[in-house]
Amino acid sequence: MTLLKVHNLDLSIAQNPILKDISFEIEAGRILGVVGESGSGKSITALSILQLLPNGTTWSGQIVFDGQDIQSLSEHELCGLRGNDISMIFQEPMTALNPVKTIGDQVSESIRIHTGKSRAEADQLARETLNRVELPESEFPLSRYPHDLSGGQRQRVMIAMAIALQPKLLIADEPTTALDVTTQAEILDLLQKLVKEDDLSLMLITHDLAVVAQMADDVLVMKDGEIVEQGSSFDVFTNMEHPYTRQLFSASNHVPQREANQKNANDVVLSVEHVSCDYKLPKERLFSKQQYFRAVKDVSFKIHRGENIGLVGGSGCGKSTLSRAILALKSLDEGNVLINGETFSSKGKGPEISQRAATQIVFQDPYSSFNPRHKVGRLISEPFYAKSEELNEDQIDTAVKEALVSVGLNAADSDKYIHEFSGGQRQRIAIARALIVKPSLIVLDEAVSALDVSIRAQVLDLLAELSDRFDLSYLFISHDLSVVRSITDRVLVMERGRIVETGPTQDVFENPQHAYTKSLIKAIPKLDIDEIRAKEKIT
Amino acid sequence: MSEQTVSQPSTMKLVLRSNGFIIGAFLTAIFVLAALISFIWTPYDAAQISIVNKLKTPSMAHWLGTDHFGRDMLSMIMVGARVSMAVAFVAVGVGIFVGVPLGLYAASKRGGLIDEIIMRGNDLIFAFPSLLLAIMITAVFGPGAVNAIIAIGIFNIPVFARLSRGAALSLWQREYILAAQVCGKSKARISFEHILPNIANLLIVQGTIQFSLGILAEAGLAYVGLGAQPPLPSWGRMLNDAQTLISIAPHLALVPGLTIVLTVLGLNLMGDGLRDLLDPKLRRVKS
């Protein structure tokens, strides 16, 4: 039975066409995966079903849900539909819940609004729903507040809110993008279980082809507001008729070409020796003793020249703190960090300014990585501050142009402001800024996580090429294990502030030893055509 | 990733579309012009007493009438504008030049002892009634425009310190600040190179509003006799003089009263309009 039918949907916001001729159907009890890069119109398609469109939107075409034409419904009837028959979960579990209300209140509120049930009945139903999303009463009473739940638990509360009234259609907009791999696997399992139990239809919007391959029965590939390919998951992944689908697929599985690094055991770039870092905990009373939380516990490792090291682990495991400590952005509470054999920082003591040029960093978010009021040339030349020798303007100018060209941009770009560049270009500029002082080590803190797959593939290629060319070492911090696998020589696995496993990337991924590593690797969504074939045979 | 370029109307178009800003800027311009012209020309000498002409209602000879000593009101308002604006301007300047560095310094030492000392010191000034301090200063140094500037200036410091600290704190979390730290730049240098340009909008808007409050405060001080001293005319004292004559010559109170209201209104409108123009988020919603 067809639950939702979208026919010839055209949509524009303030006269800019956003969606062009979108037609698709969702069958009851099936999962439709919608994939595409940012700006492809995935989210707007979902919002048009709920009629939660921004002001100034005009659309034409037909949206029929469960036999009702959405266009013919009044705003009041639409409110009855939202939450009751169609509900939605969002990407960011940290902001989607109201922090001043208990989780019980938030789940039962929508029940009371839509059904007019009494508080007791609604609470009862809320309890049952929370049990269904695997938040048992013993640990998660209705009276708990969102702030002391983890991201995955919050996402479960969001799912409970969405399914409490047993809707017919659930729209999940990037439900796992903000979560780390193991949590992502759990949430995806839960969604799959709920679809089976309730005969629910799920519209799963994601940029991650692997997630779709693992979950969806039907697939919709979108590009620039148009559907480029649709069909059953098996058909789409085995045939891949449209070149864009093939491009997405190869970009998702992309492994940059790089030479295996012949490491010289004596040429150590970075040496981390027994490093520990503490954070102050808030005082409970005015005169109580200061308590500390140890985020990094006795970590030691070495990086050789030209070697690429991956640092993986779930959120909150201390990997960001460790990277800050290595760069002396956070002071060490124990241990030493040596760069090129010289002490860079030790307990209570930071580096000399001239030592700073040896390490640089590239951040995750290409949008907040630059001062919007400076021109690109000035942004890129900032690390020269750490160089001891004085350079004149011509020399700096030449260096800026060289750096821009080496990351694949134009020398003339140095006169532009940062807002004139796209996310991928900004990330290239960030790399140019790191590169300009010819450092020995670059810390890449989730440097490709915010990028679309095709851009990510290009940036990974660029990083691999630069590493070969300049004999650069990378410390590659990421929660995306497939990226780490494709670009690193050795990998460190971190859990609760400790490094629990280390070894050559290939060995660790194929034959993990520690239980935590095993669970991490098992949780990676796989994009493997053979598996999709196997799945099709079973069903 | 294809970036959507949001087409933004030019600044000039936005300025013309923002009615509040235009009215505010117009009013402000009138009083600034009046103050400037008073240096080279006033209809009469503002201090010239002419008992024959006392308490004249507005006429062609005296556009705004004359007071109980026969002084020309328009000339007094013009010279008074000079005093009011100078006091408010310097006081805001004191607030910015002392308050902003304090706020930025406190933000760079977030959570530390120095941060606490600076911010609690600010709280102390905030909690202290400004008029009381002005009276204290006057009691020690004697009344006068300079002492009014000091009193008003001191009360501007915590306003700017708090504002810049709050804005700077959120900027310190930005990654380009971390990148600058990786390059070995000191916190003071980062504060001036990266943070100050990014909070300039806020400071300009707050500056305009503090300027109007400064004019109001100067009028208040002058009204109780703690501002500029005679024979220098001042809006606040003109109001005070008019108090006893209000039933005989209401224009004596109306003229300086309306002048103060219009100046403060103009500056506030201009400040609001500036905030809308300088804030890209509000700009997009409006257009």
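Modeller: Let's start with a term for this predicted model: a residue is buried if 20 or more other C-beta atoms lie within 10 Å of its own.

Biologist: Thanks! With that in hand, why is helix H11 of chain A called mostly covered?

Modeller: Helix H11 spans residues 319–326 of chain A, and seven of its eight residues are buried. They are Lys319(A), Thr321(A), Leu322(A), Ser323(A), Arg324(A), Ala325(A) and Ile326(A). Each of these therefore meets the cut-off of 20 or more other C-beta atoms within 10 Å. Just after H11(A), Ala328(A) has a positive phi of about 60°.

Biologist: How do you know that chain A is as compact as a globular protein of its length?

Modeller: Chain A comes to 19 helices and 20 strands. Its radius of gyration is 26 Å, close to the 24 Å from the globule rule for 539 residues, so the chain is as compact as a globular protein of that length. Buried residues make up 43% of chain A.

Biologist: What makes Leu475(A) stand out in the largest nonpolar core?

Modeller: That core holds 214 residues, and Leu475(A) is one of those touching the most other members, along with Met203(A) and Leu204(A). Helix H3 (residues 73–108) of chain B gives the largest share of this core, 19 residues.

Biologist: And which residues is Leu475(A) in contact with, leaving aside neighbours within four places in sequence?

Modeller: Ile303(A), Ile309(A), Leu311(A), Ser323(A), Leu441(A), Val443(A) and Leu444(A). Contact here means C-beta atoms within 7 Å. Ser323(A) takes us back to H11(A), where it is one of the buried residues.

Notes:
Residues numbered from 1 in each chain as written. Chains lettered and ligands numbered in written order. Predicted model: local features only at pLDDT ≥ 70, side-chain atom pairs only at ≥ 80, totals over all residues. Helix = DSSP H or I, 4+ residues; strand = E, 2+ residues; numbered from the N terminus. Rg over C-alpha atoms; globule rule 2.2 N^0.38 Å. Buried ≥ 20, exposed ≤ 12 C-beta atoms within 10 Å, placed from the backbone. Core = buried A, V, L, I, M, F, W, Y, C linked by C-beta atoms within 7 Å. Contact = placed C-beta atoms within 7 Å.
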